[in-house]
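Let's take a walk through a protein model together. Have the structure open and follow along as we go from one spot to the next.

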Amino acid sequence: MDFTGQTALVTGASTGIGAEFARELAARGADLIMVARREDKLQALAAELARDHDARVDVVAVDLGRPGAGAELAARVDALGRQVDVLVNNAGFATHGDVTDADLPRLLEEVQLNCATVVDLTARFLPAMTARRSGVIINVASVAGFLPVPHMAVYGATKAFVLSFTEALWAETRPTGVTVRALCPGATDTPFFDVVGAEEAAVGKRRTPEQVVATALGGLRRSGPAVIDGRRNTLVSLMARYLPTRIVIGIAERSVRARNRDHTRSAGAASSR
Ligand SMILES: NC(=O)c1ccc[n+]([C@@H]2O[C@H](COP(=O)([O-])OP(=O)(O)OC[C@H]3O[C@@H](n4cnc5c(N)ncnc54)[C@H](OP(=O)(O)O)[C@@H]3O)[C@@H](O)[C@H]2O)c1
């Protein structure tokens with residue numbers, strides 16, 4: 001797909017999958033608005049992309065994990081005089097551990113960033129796309145959105161939210177000329193797991209951000225609402241859909257359980273549901 005003359009806003013563009021979206025969209029002709037908290041990382045990548053692809057690249061450093069961040073970002077985009085043709089809602093993080101032991105403000109920040117900000121930015125930029133009868137929105141969910149994930153309960157739920165929200169939005173926008181997709185990666189080789197702080201969160205062989213973004217952009221040419229990266233992750237999503245929920249929860253529980261955990265307690269919790 002060619003994005004020449006279009007402006008793509010990518011959240012979480014400082015590292016990982018978001019940085020790869022920025023690289024690939026610039027290579028396909030897009031101008032960029034790159035958003036994250038770490039301005040130094042954004043500026044370094046912006047300079048590289050502006051040089052290599054002759055793209056206009058603007059950087060907006062903002063914490064999207066706070067209520068009100070969507071309004072702030074939209075105002076800064078307006079101040080730059082830019083219109084958003086492609087929106088990639090990619091910024092997100094995960095927590096690992098049981099809810100009873102959790103740092104509550106961190107869980108609420110996870111819900112805010114992974115869910116509320118996705119809705120906020122979508123609702124702010126979609127009406128202009130609808131009026132122009134063109135535009136693309138890619139919301140980054142996860143294969144974890146297909147199943148409940150004990151020990152990562154909030155993360156799994158946020159990604160189920162993104163998946164459900166985006167699939168419904170896909171149907172709403174079908175007659176409008178706007179293309180909407182949920183992207184569902186599985187374990188991907190990015191700094192994501194350093195932020196989680198638990199290697200157990202990475203299930204299976206990690207794919208590369210390049211593979212994930214190629215899958216996402218390829219998915220824009222196909223017709224369905226969700227794009228799953230990799231054959232193994234497609235199998236996981238099918239398993240989650242067709243096996244009894246109790247069995248699926250048990251498999252998920254064993255997959256991400258902390259290695260030093262009391263196994264009898266976890267197994268009992270999973271099988272009692
Ligand atoms: N890696 C995986 O295995 C995997 C699997 C499935 C789905 N995903 C999803 O893919 C997306 C990208 O993750 P990744 O793997 O690329 O991880 P990553 O390398 O840790 O990237 C996360 C990005 O989000 C930004 N971010 C985090 N908190 C933010 C905040 N409060 N405000 C603004 N930006 C914030 C980070 O930038 P700053 O720190 O500079 O703000 C960074 O650019 C996430 O939604 C994640 O849930 C990842």
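Our first stop is Val236, which sits in helix 8, the stretch covering residues 231-242. Keep in mind as you look that this is a predicted model. Which residues does Val236 touch, leaving out those up to four places away in sequence? They are Val143 and Leu147.

Now for a pair of helices. Helix 3 (residues 69-79) packs against helix 4 (residues 104-132) at an angle of about 35 degrees, and their axes are 9 Å apart. The crossing of helix 3 past helix 4 is right-handed. So who meets whom here? On the helix 3 side you'll find Gly70, Ala71, Leu73, Ala74 and Val77, while helix 4 brings Asp120, Leu121, Arg124 and Phe125. Sorted by class, this contact is made of six nonpolar, one polar and two charged residues.

Last stop: the ligand. How many residues surround the ligand? There are 30, and the closest are Ser14, Arg37, Asn90, Tyr155 and Thr190. By class, the shell has 15 nonpolar, eleven polar and four charged residues.

| Protein atom | Ligand atom | Distance |
|---|---|---|
| Asp63, polar side-chain atom | nitrogen | 2.8 Å |
| Thr190, polar side-chain atom | oxygen | 2.6 Å |
| Phe192, polar backbone atom | oxygen | 3.5 Å |

How much of the ligand does the protein cover? On its own, the ligand has 880 Å² of accessible area, and the protein covers 96% of that. Helix 1 (16-27), helix 5 (153-173) and helix 6 (192-196) are the elements that each give two or more residues to the shell around the ligand.

Conventions
Residues numbered from 1 in each chain as written. Predicted model: local features only at pLDDT ≥ 70, side-chain atom pairs only at ≥ 80, totals over all residues. Heavy atoms only, no water. Near = heavy atom within 4 Å. Polar contact = N/O pair within 3.5 Å; in protein donor to acceptor, adjacent residues only side chain to side chain. Areas by Shrake-Rupley, 256 points an atom, 1.4 Å probe, with all protein chains shown as cover. Helix = DSSP H or I, 4+ residues; strand = E, 2+ residues; numbered from the N terminus. Nonpolar A, V, L, I, M, F, W, Y, C, P; charged D, E, K, R; others polar. Axes fitted to C-alpha atoms, helices over the stretch in contact; angles between N-to-C directions. Left-handed = near helix turned anticlockwise from the far one by under 90°. Contact = heavy atoms within 4.5 Å.
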